[in-house]
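These are my notebook entries on a structure that I looked up step by step. I begin with a single residue and then turn to the chains.

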Amino acid sequence: MSLATESTARSAENVRVTRSSRNVAWTGAVALIVVVVLAMFPYIVHSGVTAILVQAFILLTLASMWNLLAGYAGLVSVGQQAFVGLGAYAVLILAIHGASPFAALPFAAIACGVAALPLWWLVSRLRTGYFAIATWVLAATVMLIIEKFSSIGGGTGMPLPGFTGMDPTLLTAYTYWAGLAVTVVALAAIYLLLRGRLGLVLTAVRDDEVAARSSGARVGLARMLVFLVAGAGCGAAGAVLAISQLQVQPSAVFSVQWTAEMAFATIIGGLGTIEGPIVGTAVFMVLQQTLASYNAWYLIILGLVAIVVALFARRGLWGLVDARINVRLFPVGYWLRAEEDRPRRLLTRPRRGLHARPGGGR
Amino acid sequence: MAWVNAIIQGVLIGGLYALFACGLSLMFGVMKVVNLAHGDLAVVAGYIAIGIITIIHIPVLWSFLIVVPLMALLGYVLQRTILQGALDRSVLTTLMVTFGLSVVIENGLLQFFTANSRAIGTGLALVSGSFTVGSQIQIGYLPLVIFVVAVVVLLGLQYFLSASKFGRLIRAVADDKEAAQLSGADYRHVFGIAAAIAFGTVALAGIAYGMYSQLDPTAGTDTILLFAFAAVVIGGLGSLWGTLLGGVVLGVAQQIGAQISLSDEVLAGFIVFLAVLVLRPQGLISRGAQS
């Protein structure tokens, strides 16, 4: 709890500070039910549906990680495809050495988190735009290095071993569960991180970096932690991608298109809220499925929508919802409310665009 | 001798990379905009040149006279509308908007012109011609011309910014746009002009690249943007001389890499970039710490 919260609470006796407003009490239960229902999908629905949902899980994981980077830590990375690719290759390498690709998945995620450390060291000196392009160069470099190893397929890639003799129905179901598990763990990890000290530091930095630094917030450490978590998360998504495609191709897994998709889904859904990427992923998947027969058009349209949203509705679709009904499914800030009254205002304001302005919010 | 040749070729191609980097450097220096669509816009310029040449059958060199002003106009309009709008919101918004533009342009080109690569056919002896120095060093006329053009553009820009009246205005606005505004300069207009100049150099870079190599929709990011950025960082932010030096260092690194193994050309350039980032983050020619 921040100092401001405590002092305000003390000065006005009839005010209390809570994490959430009333309507959030049951969202945990609803989330649990949603996850359980989703987990039963392989028994209920056609395998075509679960295949699309696996894509959605991958995108949601990526978008949530990008949201953590750009929306909370102010790090616009255009090189997250480096981790998608590394995750896919980690699964491939472990599978070549005899591991089951599913068992390899958590190790791939951890490996990507570890790999993020030296990469962070390389780009951490740069800010904003230069950080963005530097991560892009880094992703290109990682791909060029991976392509030099012919034992893992060189420049053309190779099929993922370890599935021989596996029942295709079972394989589809396992892939689906792996995707679901990765997404649930990713969202839970982000939620818990943002509720803890890290979230507090990031919020302080967002509001005033100089003030946060001079109050002793370890800004560099917080940003590094976010980069490592995002690396692990994108790596896990890349691992699921490799499993769902049954092959690993360098130009496909290291494509900047991954970053385009995660960024567009996040921007459209709403930057700086956990709910945003969920909404954005849903919109993205619907558009993609609708426009699937028009090749690259879905990316063009989503790109244009993302530009318009970034300019005119900076809190995204979720921001529009939130502005009307003031609901937060995953509360990470604090509410200040008078006793027996509706919530008055937020102490730790929800993110309004990238620079919080009192009373702002377009 | 092969190594000397590699270095000479690297220096020449470095001119092209400096030309790539020029607009990126200018936009950042003046507006603090890092334009992620930079390379894609260069490819657009190249495609426009190809279109004009095939439709109205003019000589290649004339196409510059049409495409460069056209892109400059586009630069002014983009800056006054979308980019200024994004700038008024936040730096991160400009990144998201220009990244969106980049993806939209690249996929638009892919959609309308397919992934096939195409070159700007000059029909001139200039492109294929070369002269020999000594016994083994062959210098193509085209890379030499591009290098000279790059040096002239960078020198001209440096002179324009430091000596001319409007150049001073641009620098004043870049230093403190509010103060410049109070002194009667409309900074939005000045930004627009700076963007127009930057886009003019982008057009030059795109057409030059189309003549030197081949254009395809992904060249904008894979080659032009990333090489331009590497040149800017190697040379040092905020210095046009540094940009030229950075381009040359990148070009030489790539050619030496290609000497070692043909597939290592691009990787060698990026490794030098990363080495500079670690060992000398302010760049080879530093103008104090920036961003």
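**Entry 1: a residue in a strand**

In which strand of chain B does B:Val133 lie? I looked it up in the predicted model and found B:Val133 in strand β1, residues 130-133 of chain B.

**Entry 2: chain B as a whole**

I noted 12 helices and two strands in chain B. Read from the N terminus, the order of elements is α-α-α-α-α-β-β-α-α-α-α-α-α-α. The C-alpha trace of chain B spans about 65 × 50 × 35 Å along its principal axes. I compared the radius of gyration with a rule: a compact globule of 291 residues would have a value near 19 Å, and chain B, at 19 Å, agrees with this. Of the 291 residues in chain B, 53% are buried. I also looked at contacts in chain B between residues at least 6 apart in sequence, and 75% of these join residues at least 24 apart.

**Entry 3: confidence**

I recorded a mean pLDDT of 88 for chain B, with 95% of its residues at 70 or more. Which element of chain B has the lowest mean pLDDT, and which the highest? Helix α5 of chain B (residues 125-128) has the lowest, 63, and helix α9 of chain B (residues 187-212) has the highest, 93. For the complex, the predictor gives an ipTM of 0.89 and a pTM of 0.88.

**Entry 4: two helices**

I looked up helix α11 of chain B, residues 240-260, which has 21 residues. From its first C-alpha to its last, α11(B) reaches 30 Å, close to the 30 Å expected at 1.5 Å a residue. I found α11(B) mostly covered, with 16 of its 21 residues buried.

I then turned to helix α5 of chain A, residues 101-123, which has 23 residues. Its reach from first C-alpha to last is 31 Å, close to the expected 33 Å. Where in α5(A) does a kink lie? I found a kink of about 30° at A:Leu117, shortly before the proline A:Pro118.

**Entry 5: chain A in outline**

I noted 15 helices and five strands in chain A. Buried residues make up 48% of its 362 residues. For contacts in chain A between residues at least 6 apart in sequence, 77% join residues at least 24 apart.

**Entry 6: where the chains touch**

How many residues of chain B are in contact with chain A? I found 36 residues of chain B in contact with 37 residues of chain A. On the chain B side, the elements that give two or more residues are α3 (60-89), α4 (91-113), α10 (219-235) and α12 (265-279). Of these, α4(B) gives the most, with 15 residues. Sorted by class, this side of chain B has 26 nonpolar residues, nine polar and one charged.

I also looked up B:Phe273, which is in helix α12 of chain B. I found 26 C-beta neighbours inside 10 Å, and 20 or more make a residue buried, so B:Phe273 is buried. With neighbours within four places in sequence left aside, B:Phe273 is in contact with A:Val137, B:Ala230, B:Val233 and B:Ile234. I checked B:Thr94 as well: B:Phe273 and B:Thr94 are 179 residues apart in sequence and 25 Å apart in space, C-alpha to C-alpha.

**Entry 7: positive phi angles**

I found that A:Leu246 has a phi near 60°, which is positive in a residue other than glycine. A:Leu246 is in the loop between α10 (219-245) and β3 (247-248) of chain A. A:Leu246 counts as partly exposed because 14 C-beta neighbours lie inside 10 Å.

I noted that B:His57, not a glycine, has a positive phi of about 50°. I placed B:His57 in the loop between α2 (38-56) and α3 of chain B. B:His57 counts as exposed because it has 7 C-beta neighbours inside 10 Å.

Definitions and conventions. Residues are numbered from 1 along each chain as its sequence is written. Chains are lettered from A and ligands numbered from 1 in the order in which they are written. This is a predicted model: local features need pLDDT of at least 70, side-chain atom pairs count only at pLDDT 80 or more; totals for chains, interfaces and linings use all residues. Helices (H or I, at least four residues) and strands (E, at least two) are DSSP runs, numbered from the N terminus. The expected span of a helix is 1.5 Å times one less than its number of residues. The bend at a residue is the angle between axes fitted to the seven residues ending there and the seven starting there. Two residues are in contact if their C-beta atoms, placed from the backbone, lie within 7 Å. Ala, Val, Leu, Ile, Met, Phe, Trp, Tyr, Cys and Pro count as nonpolar, Asp, Glu, Lys and Arg as charged, and the others, Gly among them, as polar. The radius of gyration is taken over C-alpha atoms; the globule rule is 2.2 Å times the number of residues to the power 0.38. A residue is buried if 20 or more other C-beta atoms lie within 10 Å of its own, exposed if 12 or fewer, and partly exposed in between; C-beta atoms are placed from the backbone. pLDDT is the predictor's confidence in each residue, from 0 to 100.
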